[in-house]
Amino acid sequence: MPMPYPNLFVTEHYFKTSEASNTCKAVFDRLKYLYEICNFLEIDLVHRSLRGEFLTKAEVSEIVHWASYKVDSFREKREKLKQTKVVKITKKSNLEAARVSIVVDKDGWCDIDTTYNRITTFSQYVSWLDKTLFPSKESETEILFKSHRSRKIGRKKDTYDEEKYKSLSSAEMSVVLDIVRPDSPRNPWKRESIQYRNHLIIHMYEALGIRRGELLKIRIDDVKTHPRNGRRYVTVRSETDLEDNRADRPEAKTLGRNIPMDKRLSDMFDDFVIYHRSNVKGVEKVPYLFVPHGYSLKKNGLSISSVDKIMREISQSVNFNVHAHALRHSWNDKYSEYADRKIAEGRTTHNKAESDRQKLMGWSETSEMAKWYSQRYERRRAFEVGLELQEKGSAKINKATEAHDEDVNY
């Protein structure tokens, strides 16, 4: 049965701000779990908010306690506890709250980031519910929830993991693009049609900078020619494709957009579609550009696991790690270098360059990702400048030392 308040909350705070469908689904999952916890604790959130009887500190503490568990573990413990006499926190009195002791059992706990995200969503939703249904009373629910959050370990601002977000260097990218050539003797695939398919996959990731799932959502008719200027472009879809029956349906995390395709990429696309994709049995029933090239096509597009396998096979051939998101990082590095040149030549400004990056990557105007990629590039550039400065200093010191040695009589 649909729940109106969670739907309204997600619509107002996520759909209207063009958040990705995966983000909205994650919020719905957290709210579903919140209601499971509250049902177990016999807390009717809507009824309480309507009456202005907001959650107490003790109630928030117990909700947070259960938010730390994996959902399956919570359900198992809930069933066990139902078989015993359990005192629920349903009264406001401090005396009643003091009688309740939460036994800390770390078996079945989820990771810190998951707990952090759940508590954040719980705090925002319950606070919104209080303010919406009983606006005449000030709610401290959000403060109570957030006071229980541990620091989120996945977003530390004072550390930077270069390896985790490593892009490919220009030399590494050249090696990858060379090895996926259909006529390359090092090409890891035997069948010609698979060679041409994977060749186009890698070149589209490299040239467009799109996400793994965005590429797999592309349909044949998403590649279009502009009626006025004749330029080729591809439409990257953001909405959930309900006709997609893949087990692990690829989803977009960014906004939909049109991305230009130059002649080289357009020719690759035409060659693959006309001479190779068309030979796959039953392909006319599949709308997606990339499909499995096996002997039994099940009307599905290529799976996420298949792309991961392609990346593993390339990695084994080149002897360094290659994955789809590394190509997206590489695109951003290349864009940063190009934007720097345009800014230096007076052909654009920093703000315009970052705005263009946001649009090409599909980030919303409020997204911090463009700034993050820009800072990442600037950090690397600063590292190179620092190294160059040291090397020049060392050269001067060595030169001075050699001159001094020549003046010394042994």
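I looked up V236 and found R257 of β3 opposite V236. β2 and β3 (residues 257–261) are antiparallel, with 5 bridges; I count two strands as paired if DSSP finds at least two bridges between them. Strands (E, at least two residues) and helices (H or I, at least four) are DSSP runs, numbered from the N terminus.

The model is predicted, so local features need pLDDT of at least 70 and side-chain atom pairs 80 or more, while totals for chains, interfaces and linings use all residues. Residues are numbered from 1 along each chain as its sequence is written, and side-chain values use heavy atoms, without hydrogens and water.

I then checked the other partner of β2. β1 (residues 223–225) pairs with β2 in the antiparallel sense over 3 bridges, and K224 stands opposite Y233. The two strands form a hairpin with 6 residues between them. In the turn, G230 has a positive phi of about 75 degrees.

Last, I looked at the lining of the largest cavity (grid points, 1 Å apart, where a 1.4 Å probe fits but cannot get out; lining residues have an atom within 4 Å of a point). Its residues include L45, F54 and D130. α3 (45–51) gives the most, with 3 residues.

Note on methods:
On a 1 Å grid over the protein atoms alone, a cavity is a set of points where a 1.4 Å probe fits but cannot get out, and a pocket is an open set with protein on both sides within 12 Å along at least five of seven lines; lining residues have an atom within 4 Å of a point.
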